[in-house]
Amino acid sequence: MRSRLLAFGLPAALAFAAYGGPVRADQRPAPYLDRHLSVAARVDDLLGRMSLDDKIGQMTQPERRYVTPEEITRYRVGSVLSSGGSAPNPNTPESWADMYDGFQRGALAGPLRIPIMYGVDAVHGHNNVLGATIFPHNIGLGATRDPALVRRIGAATAEEMAGTGVDWDFAPCVCVARDDRWGRTYESFGEVPELPSMMTALIDGLQGDGLGGPTSVLATAKHFVGDGGTEGGDDRGDAKVQEKELRAVHLPPFRAAVKRGVGAVMVSYSSWNGLRMHQNRYLITDVLKKELGFTGFVVSDYKGIDDIDGKPGFTRQEVAAAVNAGIDMVMVPTEWRRFIDYLRDEVKGGGVPMSRVDDANRRILTKKFELGLFERPMADRSYLKTIGSAAHRRLARRAVAESQVLLKNEDGALPLDDDDKVFVAGRSAHDIGMQSGGWTITWQGRPGPITPGTTILDGIREVAGPGATVTYSKDGNGIDSSYDAAIAVVGETPYAEYHGDRTGGLGLDDADLKTIGRLRGAGVPLTVVLVSGRPLDIAKELPNWDALVAAWLPGTEGEGVADVLYGHADPRGRLPVTWMRSADQEPINKGDGKKALFAFGHGLAYDD
Ligand code: GLC
């Protein structure tokens, strides 16, 4: 919730004066400042007071490192973002709130005092903020088939965001990942439209029952449309599919998101049959806005307009093409002044009709009024205590447990007995960064103790009984036949977006294979726990493993994995994606007739 500028109970007129506006105590405030009027009436009144520059400013979104509060005032900037990992220094919740309030004061110092919206990628918790609760990435949440849980995760994320003031989340990604070579597969809830559609419940958690709630943040369905359907899983590539398939596979989650009242939609970098989405007027305006009835606003992706002509940077023509296609706000992180100039030129030159600018402003301002930003523009620091709270971490632990998929379990390898003598190995066993994946503290994520949390090994040590012995060796050296069980926790190192595209194979790397080999050599029951953003090519090695658990990217609460390994929580997860027999089979999906290693929906229970 943002704190109320009117909190001290002054009548609106005086409070308006408190804004520093030129108003006498007996004057009524301008209608747009009267929260008793309808949002539509407030928007109409405000639009009527805005200059062209005021309106263009509302359509401009710089990145925080490239704009100051004074420039927000001067250029009437309507929104600011943190790109992945872009945090104030020090990276503490309090300094996030100070940063947000600083930018907001810049906005409120403008003649019309239009507050900004501040956007971040809180895609698995408020993940840019040190100490925030990091939830499982979407592919793990898809394995839970539990929309009520996902909604609660959205609400918890919104609470942690509200404490820092941040009021706009570039989430959920409702992409339908069709090729596991794609670096953003883990951002997808699954390979069939039904799963992302089901998990748009996150939107309700983020936005609340209505947008004006104390911790409501604006949700964003992304990336419109077909980002998960590109040829070869090429991030930002070309989805060469017929319209029938685009509508059947990739559009339904956006329909579901619109139905839930999602406030924003972000356009995909990708193309559809050779045309960049950022200039696709048919899909953005005719389909999303008119056919689906989307009344929120459309935001570009980061420098997304630069790619329209395939050349670096953006031109006047690209600005006009994007805005005329139906993009209402442009994420133009560094060259935002040039964007403002180009758009002004295009409007004055007739390249962009004023009606398009007014429609974009109407959509953006409507969300600002609905969010309550005009009444409560500043961070509500009473929610700072929710960041990384015990309650949120318990919720995350439960989500981790529910997301675990037991793929193989022979000779009773699992569950472990509480007093077992257990040998744990693997690069991902004792590493918060590895188990959290990309979009964690930094854009790409990285190995190491990057933020407070509980590793999978910590969890095993905590969950195991008092009579247990737990030995850890990262590379597996030191194991012998005296152990009751060997657990290899291995998988992928963190990545995000195109950095995660893997066209050269999806197998485990040598270090992990060697670690598993050392454990195998001891001749004790061997369980492999895969910490990865997608299925991996492990069919050849699988016969040598007694049990296999897909842990996905669990985030900071590693105990959830241990809860399942010890049977304190039954494995309930079911595959949200088909598991290949070989990377050569990609793309491989439910119903395509290819013979998978594990089918979509596969998942064992302990009484199987
Ligand atoms: C990125 C991503 C998008 C994200 C945006 C802002 O490149 O494609 O998902 O919301 O930039 O960080």
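Predicted model: local features only at pLDDT ≥ 70, side-chain atom pairs only at ≥ 80, totals over all residues.
The area buried between domain 1 and domain 2 is about 2900 Å², and carbon and sulfur atoms give 53% of that; buried area here is the accessible area, taken with a 1.4 Å probe, that two parts lose on being put together, summed over both. Asp-180, Arg-181 and Tyr-186 supply 21% of the area that domain 1 buries against domain 2, more than any other three residues.

Residues are numbered from 1 along each chain as its sequence is written, and side-chain values use heavy atoms, with hydrogens and water left out.

The two domains cover residues 7–385 for domain 1 and 404–585 for domain 2, with bounds that come from an automatic or database domain assignment. Their C-alpha centres lie 36 Å apart, and the contact, meaning heavy atoms within 4.5 Å, takes 40 residues from domain 1 and 37 residues from domain 2.

Across this interface the rule finds two salt bridges, where a salt bridge is a side-chain nitrogen of Lys or Arg within 4 Å of a carboxyl oxygen of Asp or Glu. In the model, the side chains of Arg-184 and Glu-497 meet in a salt bridge at 3.6 Å, N to O.

On the side of domain 1 that touches domain 2, helix α6, residues 138–144, gives the most, with four residues; helices (H or I, at least four residues) and strands (E, at least two) are DSSP runs, numbered from the N terminus. Arg-145 is placed in the loop between α6 and α7 (147–164), and its phi is near 50°, a positive value in a residue other than glycine.

Let me turn to a sheet. Three strands form an open sheet in the order β6-β8-β9, with mixed pairing, and two strands pair if DSSP finds at least two bridges between them. Because β6 (238–239) and β9 (275–276) stand at the edges, each with a single partner strand, one side of each is left without a neighbour in the sheet. Two bridges join β6 to β8 (residues 271–272), and these strands run parallel; Ala-239 has Trp-272 in β8 as its bridge partner.

Finally, the cis peptide bonds. The bond from Ala-171 to Pro-172 is cis, with omega near 10°, and Pro-172 is found in the loop between β4 (168–169) and α8 (194–198). Another cis peptide bond joins Lys-222 and His-223, with omega about -5°, and His-223 is in strand β5, residues 220–224.
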